[in-house]
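My entries follow in the order I made them.

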Amino acid sequence: MLARARRIALELDPERLLDDEDRICIAPLMEQWDEDTRRELVEEGLASAEEAAQIHTGALWSEGFFAAIEDFGADWPQPEPDNELGPAFVEMLQTVAALGLDPASEPFAAFARRGWKDADPTRDELIDEACFAVQDIRLYWLDNAPRPPPRRVDAVPGRNDPCPCGSGKKYKKCHGAGA
(Lines give C-alpha, C1' and ligand atoms only; values in the text may rest on other atoms or scores of the structure.)
Protein backbone atom coordinates (compact mmCIF):
# COMPACT_ATOMS: atom_id res chain seq x y z
CA MET A 1 0.00 0.00 0.00
CA LEU A 2 2.85 2.38 0.82
CA ALA A 3 4.46 1.68 -2.55
CA ARG A 4 1.20 2.61 -4.33
CA ALA A 5 0.94 5.81 -2.27
CA ARG A 6 4.49 6.76 -3.27
CA ARG A 7 3.70 6.10 -6.92
CA ILE A 8 0.58 8.26 -6.77
CA ALA A 9 2.56 11.06 -5.12
CA LEU A 10 5.12 10.84 -7.94
CA GLU A 11 2.39 10.85 -10.57
CA LEU A 12 0.82 13.96 -9.02
CA ASP A 13 4.11 15.82 -8.56
CA PRO A 14 3.49 19.28 -10.08
CA GLU A 15 7.00 19.60 -11.49
CA ARG A 16 6.59 16.32 -13.34
CA LEU A 17 3.20 17.40 -14.68
CA LEU A 18 4.60 20.71 -15.91
CA ASP A 19 7.74 19.21 -17.47
CA ASP A 20 5.81 17.60 -20.31
CA GLU A 21 2.17 18.66 -20.47
CA ASP A 22 1.51 16.38 -23.45
CA ARG A 23 2.47 13.21 -21.57
CA ILE A 24 0.13 11.30 -19.31
CA CYS A 25 1.78 11.09 -15.90
CA ILE A 26 -1.18 9.61 -14.07
CA ALA A 27 -1.58 5.85 -14.37
CA PRO A 28 -4.60 4.91 -12.27
CA LEU A 29 -5.41 1.34 -11.34
CA MET A 30 -8.52 0.31 -13.24
CA GLU A 31 -10.18 -3.02 -13.60
CA GLN A 32 -10.72 -4.02 -17.20
CA TRP A 33 -14.38 -4.73 -17.91
CA ASP A 34 -15.27 -6.57 -21.09
CA GLU A 35 -18.18 -8.82 -22.08
CA ASP A 36 -16.53 -11.92 -20.56
CA THR A 37 -15.92 -10.18 -17.23
CA ARG A 38 -19.50 -8.90 -17.13
CA ARG A 39 -20.85 -12.38 -17.95
CA GLU A 40 -18.78 -13.88 -15.10
CA LEU A 41 -20.19 -11.28 -12.73
CA VAL A 42 -23.74 -12.31 -13.66
CA GLU A 43 -22.94 -16.05 -13.52
CA GLU A 44 -21.49 -15.66 -10.01
CA GLY A 45 -24.68 -13.88 -8.93
CA LEU A 46 -22.85 -10.66 -8.05
CA ALA A 47 -24.90 -8.48 -10.40
CA SER A 48 -27.91 -8.65 -12.66
CA ALA A 49 -27.41 -8.52 -16.42
CA GLU A 50 -28.63 -4.91 -16.44
CA GLU A 51 -26.24 -3.91 -13.65
CA ALA A 52 -23.30 -5.68 -15.28
CA ALA A 53 -24.02 -3.98 -18.60
CA GLN A 54 -23.53 -0.61 -16.89
CA ILE A 55 -20.01 -1.42 -15.67
CA HIS A 56 -17.25 -0.13 -17.95
CA THR A 57 -13.50 0.21 -17.57
CA GLY A 58 -12.79 3.42 -15.67
CA ALA A 59 -16.32 3.89 -14.34
CA LEU A 60 -15.45 2.89 -10.76
CA TRP A 61 -12.30 5.02 -10.85
CA SER A 62 -14.38 8.00 -11.99
CA GLU A 63 -16.90 7.35 -9.22
CA GLY A 64 -14.08 7.21 -6.65
CA PHE A 65 -12.59 10.44 -7.99
CA PHE A 66 -15.87 12.28 -7.47
CA ALA A 67 -16.36 10.71 -4.02
CA ALA A 68 -12.94 12.09 -3.02
CA ILE A 69 -13.85 15.55 -4.31
CA GLU A 70 -17.03 15.44 -2.27
CA ASP A 71 -15.32 14.14 0.87
CA PHE A 72 -12.48 16.69 0.69
CA GLY A 73 -14.33 19.60 -0.91
CA ALA A 74 -12.77 22.18 1.38
CA ASP A 75 -9.30 21.13 0.25
CA TRP A 76 -10.18 21.02 -3.46
CA PRO A 77 -11.93 24.27 -4.38
CA GLN A 78 -13.74 24.74 -7.66
CA PRO A 79 -13.79 28.06 -9.49
CA GLU A 80 -16.89 30.18 -9.24
CA PRO A 81 -19.17 29.72 -12.28
CA ASP A 82 -18.54 33.29 -13.46
CA ASN A 83 -14.74 32.87 -13.13
CA GLU A 84 -12.93 32.70 -16.48
CA LEU A 85 -11.62 29.24 -15.52
CA GLY A 86 -15.08 27.96 -14.59
CA PRO A 87 -16.11 26.56 -18.01
CA ALA A 88 -12.74 24.83 -18.54
CA PHE A 89 -12.89 23.31 -15.05
CA VAL A 90 -16.43 22.03 -15.68
CA GLU A 91 -15.25 20.50 -18.96
CA MET A 92 -12.41 18.70 -17.16
CA LEU A 93 -14.86 17.28 -14.62
CA GLN A 94 -17.22 16.21 -17.40
CA THR A 95 -14.35 14.40 -19.11
CA VAL A 96 -13.75 12.34 -15.96
CA ALA A 97 -17.50 11.81 -15.48
CA ALA A 98 -17.83 10.49 -19.06
CA LEU A 99 -16.09 7.29 -17.92
CA GLY A 100 -19.17 6.50 -15.86
CA LEU A 101 -21.66 7.06 -18.67
CA ASP A 102 -23.26 4.22 -20.58
CA PRO A 103 -21.74 4.34 -24.09
CA ALA A 104 -25.20 3.70 -25.53
CA SER A 105 -26.79 6.67 -23.72
CA GLU A 106 -27.64 10.09 -25.11
CA PRO A 107 -25.51 11.92 -22.49
CA PHE A 108 -22.50 9.91 -23.65
CA ALA A 109 -23.30 10.62 -27.32
CA ALA A 110 -23.57 14.35 -26.56
CA PHE A 111 -20.22 14.28 -24.76
CA ALA A 112 -18.57 12.33 -27.60
CA ARG A 113 -19.88 14.77 -30.24
CA ARG A 114 -18.16 17.66 -28.47
CA GLY A 115 -14.69 16.10 -28.63
CA TRP A 116 -14.72 13.51 -31.39
CA LYS A 117 -16.27 14.68 -34.64
CA ASP A 118 -15.57 11.64 -36.86
CA ALA A 119 -16.30 8.64 -34.64
CA ASP A 120 -17.07 7.71 -31.06
CA PRO A 121 -13.99 7.56 -28.85
CA THR A 122 -12.53 4.24 -27.82
CA ARG A 123 -12.44 3.37 -24.13
CA ASP A 124 -8.67 3.93 -24.12
CA GLU A 125 -9.12 7.40 -25.64
CA LEU A 126 -11.70 8.25 -22.96
CA ILE A 127 -9.36 7.07 -20.21
CA ASP A 128 -6.45 9.05 -21.67
CA GLU A 129 -8.54 12.21 -21.85
CA ALA A 130 -9.75 11.67 -18.27
CA CYS A 131 -6.15 11.28 -17.07
CA PHE A 132 -5.14 14.51 -18.82
CA ALA A 133 -8.16 16.23 -17.25
CA VAL A 134 -7.13 15.02 -13.77
CA GLN A 135 -3.59 16.31 -14.36
CA ASP A 136 -5.01 19.72 -15.29
CA ILE A 137 -7.36 19.68 -12.28
CA ARG A 138 -4.38 18.85 -10.04
CA LEU A 139 -2.47 21.86 -11.37
CA TYR A 140 -5.52 24.08 -10.89
CA TRP A 141 -5.81 22.94 -7.27
CA LEU A 142 -2.14 23.62 -6.64
CA ASP A 143 -2.48 27.15 -7.99
CA ASN A 144 -5.76 27.82 -6.16
CA ALA A 145 -5.41 25.90 -2.91
CA PRO A 146 -6.88 27.59 0.14
CA ARG A 147 -4.24 29.59 1.92
CA PRO A 148 -3.61 28.57 5.51
CA PRO A 149 -4.24 31.35 8.04
CA PRO A 150 -1.12 33.23 9.07
CA ARG A 151 0.56 31.72 12.07
CA ARG A 152 0.77 34.01 15.05
CA VAL A 153 3.83 33.60 17.22
CA ASP A 154 4.08 35.50 20.47
CA ALA A 155 7.23 37.52 20.86
CA VAL A 156 9.82 35.88 23.10
CA PRO A 157 10.98 38.23 25.83
CA GLY A 158 14.58 39.35 25.75
CA ARG A 159 17.00 37.69 28.17
CA ASN A 160 17.07 40.68 30.52
CA ASP A 161 13.32 41.45 30.32
CA PRO A 162 11.07 40.55 33.24
CA CYS A 163 9.74 36.99 32.98
CA PRO A 164 6.12 36.99 31.70
CA CYS A 165 5.13 34.49 34.43
CA GLY A 166 5.10 37.36 36.94
CA SER A 167 7.84 36.02 39.24
CA GLY A 168 9.71 39.32 39.17
CA LYS A 169 12.89 37.59 37.97
CA LYS A 170 14.63 38.28 34.71
CA TYR A 171 13.55 35.93 31.91
CA LYS A 172 17.08 34.43 31.68
CA LYS A 173 16.93 33.44 35.39
CA CYS A 174 13.38 32.05 35.27
CA HIS A 175 11.65 30.43 32.26
CA GLY A 176 14.46 31.28 29.88
CA ALA A 177 17.05 29.37 31.89
CA GLY A 178 16.71 26.24 29.73
CA ALA A 179 16.74 28.14 26.44
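Entry 1, ground rules. I took helices (H or I, at least four residues) and strands (E, at least two) as DSSP runs, numbered from the N terminus. The model is predicted, so I noted that local features need pLDDT of at least 70 and side-chain atom pairs count only at pLDDT 80 or more, while totals for chains, interfaces and linings use all residues. Residues are numbered from 1 along each chain as its sequence is written, and side-chain values use heavy atoms, with hydrogens and water left out.

I found Tyr140 in helix H8. Is Tyr140 buried or exposed? Its relative accessibility is 11%, so Tyr140 counts as buried. I used buried for under 20% relative accessible area, exposed for over 50% and partly exposed for in between, with a 1.4 Å probe and protein chains only. I then listed the contacts of Tyr140, setting aside neighbours within four places in sequence: Pro77, Gln78, Pro79, Leu85 and Phe89. Contact here means heavy atoms within 4.5 Å. For Pro79 I also looked up the separation from Tyr140, which is 61 residues along the chain and 9.3 Å between C-alpha atoms.

With a relative accessible area of 16%, Leu139 is buried. Not counting residues up to four places away in sequence, Leu139 touches Pro14, Leu17 and Leu18. I checked Leu101 as well: Leu139 and Leu101 are 38 residues apart in sequence and 25 Å apart in space, C-alpha to C-alpha.

Two packed helices are described by the angle between their axes and the distance between the axes. The axes of H6 and H8 cross at roughly 140° and come within 8 Å. That angle makes H6 oblique to H8. Axes are lines fitted to C-alpha atoms, for helices over the stretch in contact, and angles run from 0 to 180 degrees between N-to-C directions. Angles under 35 degrees count as roughly parallel, over 145 as roughly antiparallel, 65 to 115 as roughly perpendicular and the rest as oblique. Which residues of H6 and H8 meet? From H6 I listed Phe89, Met92, Leu93, Thr95 and Val96, and from H8 Glu129, Ala130, Ala133, Val134, Asp136, Ile137, Tyr140 and Trp141. By class, the contact of H6 with H8 has 10 nonpolar, one polar and two charged residues. In this scheme Ala, Val, Leu, Ile, Met, Phe, Trp, Tyr, Cys and Pro are nonpolar, Asp, Glu, Lys and Arg are charged, and the others, Gly among them, are polar.

Val90 is found in helix H6. Its relative accessible area is 43%, so Val90 is partly exposed. Val90 and Ile137 are 47 residues apart in sequence, and their C-alpha atoms are 10.0 Å apart in space.

Helix H5 (residues 59-71) packs with helix H8 (residues 123-143) at an angle of about 15°, and their axes are 11 Å apart. H5 and H8 are therefore roughly parallel to each other. In H5, Ala59, Trp61, Phe65 and Ile69 meet Arg123, Ala130, Val134, Ile137 and Trp141 in H8. The residues of the contact of H5 with H8 are eight nonpolar, no polar and one charged.

Arg123 lies in helix H8. Leaving aside neighbours within four places in sequence, Arg123 is in contact with His56, Thr57, Ala59, Leu99, Leu101 and Pro103. Gly168 is 45 residues from Arg123 along the chain, and their C-alpha atoms are separated by 76 Å.

Which residues of helix H7 (residues 106-115) are buried? They are Phe108, Phe111 and Ala112. These buried residues pack against helix H6 (86-97) and H8.
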